[in-house]
2 protein chains.
Amino acid sequence: MKQKAKRPTAQAQNNVLERIKSLAKSIVKAVDSGEFPQVEIPARTTSNIEYNPEIRQYVLGPRRVVRTAKNIKHLRPLAQLCWMAMFASQLITSKKTSTLRDAFYNALGYDVDFEDQQESDEAVTELETLVGTVREDFNIYPEERSSIFGPLVIEYTVPGYEGRSLDLRTIPDGAMIGPAMTTARIVRCQAEQVFVVEKGAIYQRFLEENVPQKYKAIVVHTAGQAPRATRKFIRRLNQEMNLPVYIFSDADPWGMHIASVIIFGSALSAHVRELNVPDGVWAGLWASDITRYKLPAMKFNEEDVRRVAELEKDPRYVQDPWKREIGQFKKMQRKAELESLSRYGLEYIVTDYLPEKLAEVTRK
Amino acid sequence: MKQKAKRPTAQAQNNVLERIKSLAKSIVKAVDSGEFPQVEIPARTTSNIEYNPEIRQYVLGPRRVVRTAKNIKHLRPLAQLCWMAMFASQLITSKKTSTLRDAFYNALGYDVDFEDQQESDEAVTELETLVGTVREDFNIYPEERSSIFGPLVIEYTVPGYEGRSLDLRTIPDGAMIGPAMTTARIVRCQAEQVFVVEKGAIYQRFLEENVPQKYKAIVVHTAGQAPRATRKFIRRLNQEMNLPVYIFSDADPWGMHIASVIIFGSALSAHVRELNVPDGVWAGLWASDITRYKLPAMKFNEEDVRRVAELEKDPRYVQDPWKREIGQFKKMQRKAELESLSRYGLEYIVTDYLPEKLAEVTRK
């Protein structure tokens with residue numbers, strides 16, 4: 001429990017405010033001295049994204065771009081970036097949260113001319129790149145939320161709840177990983193591992209079969225692709241609490257990719273760090289589990305075929321189990337869902353599959 | 001607080017078990033006496049669905065169908081219904097929950113021959129029709145969940161949590177409306193009204209601006225179309241606690257329909273009761289709010305146009321505000337989201353829109 005006393009986002013938010021202030025100062029200074037203001041940010045073009053095997057995630061390369069008011073083409077994105085920086089600093093100082101959609105509409109009130117939400121989202125990403133952190137650190141949150149249950153006590157830091165704690169075991173449906181959870185301190189952790197599951201049905205099954213107690217485990221439900229706030233929270237459990245993380249997703253290219261994004265990060269988020277869990281373990285459902293457990297499987301459709309071919313070229317998939325399972329998928333052209341283990345009864349996934357899989361992936 | 005001491009689903013589940021037992025007995029009896037077993041259930045054909053203005057929801061008409069083992073075409077659905085009844089009674093007695101998907105896969109383990117999930121879902125609906133209650137009462141839950149926050153204290157009835165209570169105000173991100181919440185007793189309610197919102201951003205805004213405290217309100221986030229468990233819970237707040245319910249959704253045909261399904265029920269659920277909130281009030285965003293509040297609006301696409309034309313023929317839309325707003329939509333051919341009020345600042349929806357709208361819809 002290295003960072004027990006630290007409020008995780010307070011420092012991140014101070015960093016954001018510092019970066020925004022220095023941006024503002026440099027612009028004011030340039031204008032005052034009759035020069036064109038400009039700002040330099042890392043280039044986010046595909047050619048500047050590279051997979052860094054050392055920290056095991058996608059990162060931006062060394063190339064940088066300059067946005068300068070001297071260039072009439074740059075004027076618009078530069079002004080939009082400045083507005084977004086102001087909006088972000090307002091959110092932080094007023095301790096309010098917002099969404100991408102809300103930011104877009106809010107800009108309209110300032111006559112800031114975003115053509116559509118895509119353009120306003122782009123300004124948010126630009127700001128992320130400039131300050132080097134995720135938008136959650138300047139209080140722009142996604143709508144989607146995951147949920148969590150297990151032997152963990154957190155202490156809130158959001159206004160009105162400072163110092164109040166919650167034992168996650170007291171909420172039988174699980175607690176949501178919203179802004180308050182994301183910014184909470186971890187004050188007590190009796191868990192020894194984290195199980196991340198893609199499907200609500202499996203999450204519910206784990207809770208009903210007392211997996212958190214039997215396995216001293218925190219269970220996280222991602223509800224499909226894990227939102228970034230969720231990935232960040234899983235990372236904290238892994239790095240602050242030293243808990244191993246096991247990920248369970250459907251045996252199809254999409255489920256496999258849900259696990260891989262948690263472990264290696266996403267290409268779209270290459271401009272930010274501290275989102276991925278390099279030591280996370282993809283524990284199933286594997287393509288090879290389909291034959292091994294004789295699971296009811298469905299034929300690949302065209303999209304599945306195309307997706308597997310894409311993943312095969314991805315630098316995240318060059319090692320086992322990824323490479324091996326890609327090969328299996330290509331051979332079988334079939335997929336199965338986590339729920340398909342229910343053919344052996346609702347409890348089977350907990351009584352048989354889970355212990356077998358854990359033994360397999362932890363054996364070295 | 002009429003039903004304070006009653007566990008809401010215990011009785012419903014006893015009813016389900018009774019109906020399943022009598023189904024089983026009648027089948028065994030027929031077989032014992034050398035007759036073909038049969039069962040009579042209300043017909044769920046479109047021609048047998050009617051809008052009942054008295055209880056203000058869609059209901060099934062008087063027509064009934066007979067499924068008899070004498071008819072070879074009936075044999076398959078009759079056997080499937082019997083299996084599903086057995087599965088449901090197992091779920092209830094073992095106090096486990098399941099999903100539609102899980103039920104489908106579980107059947108495979110019994111060599112029950114469902115061709116696909118659609119066929120197994122159909123058997124669930126058939127069982128709902130037979131026992132006259134929703135599948136949540138025999139522990140088949142949806143994956144999607146809504147969340148809730150406000151001055152309400154509930155007491156859990158699920159295994160391991162019996163008698164433990166939760167004050168919903170202690171979870172700043174809101175608590176999820178999962179199986180445990182759905183089956184909880186309401187033990188204390190200091191709220192005077194319920195605000196139901198479609199969008200996560202607005203839900204978060206209401207919480208951050210202390211709407212629950214300022215308005216003595218329970219706030220529910222449906223996350224789009226409200227899951228049935230959520231509709232049922234809102235109904236309990238309305239009927240058990242006598243709280244008025246105000247619904248806020250986007251100003252488009254889809255948002256309007258989210259409100260209407262909560263109030264009038266859905267045509268697809270005509271075979272079950274006790275899901276809708278006839279006294280619920282659609283409080284916005286109306287089509288007419290777009291001009292009134294000068295909101296940034298988008299042009300209708302083809303689907304929007306088609307949907308408005310469909311709704312115009314729907315018996316739920318014959319009265320104001322529905323009829324009036326349908327007319328507005330047809331005239332304007334434009335739509336707006338709740339977040340668009342943010343053009344006047346993030347707080348505007350709470351400081352201006354909400355009190356104005358409440359004054360308008362409660363004035364008579």
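**Chatting through a two-chain model**

Q: Helix 3 of chain B, is it enclosed or open, and why?
A: Helix 3 (residues 100-109) of chain B is largely enclosed by the rest of the structure, because seven of its ten residues are buried. A residue is buried if 20 or more other C-beta atoms lie within 10 Å of its own, exposed if 12 or fewer, and partly exposed in between, with C-beta atoms placed from the backbone. Helices (H or I, at least four residues) and strands (E, at least two) are DSSP runs, numbered from the N terminus.

Q: Before we go on, what kind of model is this?
A: It's a predicted model: local features need pLDDT of at least 70, side-chain atom pairs count only at pLDDT 80 or more, and totals for chains, interfaces and linings use all residues. As for labels, residues are numbered from 1 along each chain as its sequence is written, while chains are lettered from A and ligands numbered from 1 in the order in which they are written.

Q: Back to helix 3 of chain B, which residues are the buried ones?
A: Arg101(B), Asp102(B), Ala103(B), Phe104(B), Tyr105(B), Asn106(B) and Ala107(B).

Q: And what do those pack against?
A: Helix 6 of chain A, plus helix 2 (72-94) and helix 4 (117-131) of chain B. Contact here means that the C-beta atoms of two residues, placed from the backbone, lie within 7 Å.

Q: What follows that helix?
A: Asp111(B), with a positive phi near 55°.

Q: How many residues go into the contact between the chains?
A: There are 38 residues from chain A and 38 residues from chain B. On the chain A side, helix 3 (100-109), strand 8 (175-176), helix 5 (179-182) and helix 6 (200-208) each supply at least two residues.

Q: Which one gives the most?
A: Helix 3 of chain A, with six residues.

Q: What rotation takes chain A onto chain B?
A: One of 180°, with 0.0 Å of shift along its axis and an RMSD of 0.0 Å. The two copies are thus related as by a two-fold rotation axis. The superposition is by least squares on the C-alpha atoms of residues with pLDDT of at least 70 in both copies.

Q: Which residue of chain A comes closest to the axis?
A: Ala175(A), whose C-alpha is at 3.1 Å.

Q: Do the copies meet through the same surface or different ones?
A: The same one, because 100% of the interface residues of chain A are also interface residues in chain B.

Q: Switching to sheets, what's the strand order of the three-stranded one in chain A?
A: It's an open sheet in the order 7-6-9, with antiparallel pairing. Strand 7 (165-167) and strand 9 (185-189) of chain A stand at the edges with a single partner strand each, so one side of each has no neighbour in the sheet. The twist averages 20° from one strand to the next. Two strands pair if DSSP finds at least two bridges between them.

Q: How many bridges join strand 6 to strand 7 in chain A?
A: Three, between strand 6 (residues 152-155) and strand 7 of chain A. In one of the pairs, Glu155(A) is partnered with Ser165(A) in strand 7 of chain A.

Q: OK, helix 9 of chain A: how far does it reach?
A: Helix 9 (residues 253-264) of chain A has twelve residues and reaches 16 Å from its first C-alpha to its last, close to the 16 Å expected at 1.5 Å a residue. That expected span is 1.5 Å times one less than the number of residues.

Q: Covered or open?
A: Mostly covered, as ten of the twelve residues of helix 9 of chain A are buried. Among them are Met256(A), Ile258(A) and Phe264(A). Just after helix 9 of chain A, Gly265(A) takes a positive phi of about 90°.

Q: At what angle does helix 9 of chain A cross helix 11?
A: Roughly 35°, and the axes of helix 9 and helix 11 (residues 302-312) of chain A come within 9 Å. Axes are lines fitted to C-alpha atoms, for helices over the stretch in contact, and angles run from 0 to 180 degrees between N-to-C directions.

Q: Which residues meet there?
A: Pro253(A), Trp254(A) and His257(A) in helix 9 of chain A meet Asp304(A), Arg307(A), Val308(A) and Leu311(A) in helix 11 of chain A. By class, the residues of that contact divide into four nonpolar, one polar and two charged.

Notes
Ala, Val, Leu, Ile, Met, Phe, Trp, Tyr, Cys and Pro count as nonpolar, Asp, Glu, Lys and Arg as charged, and the others, Gly among them, as polar.
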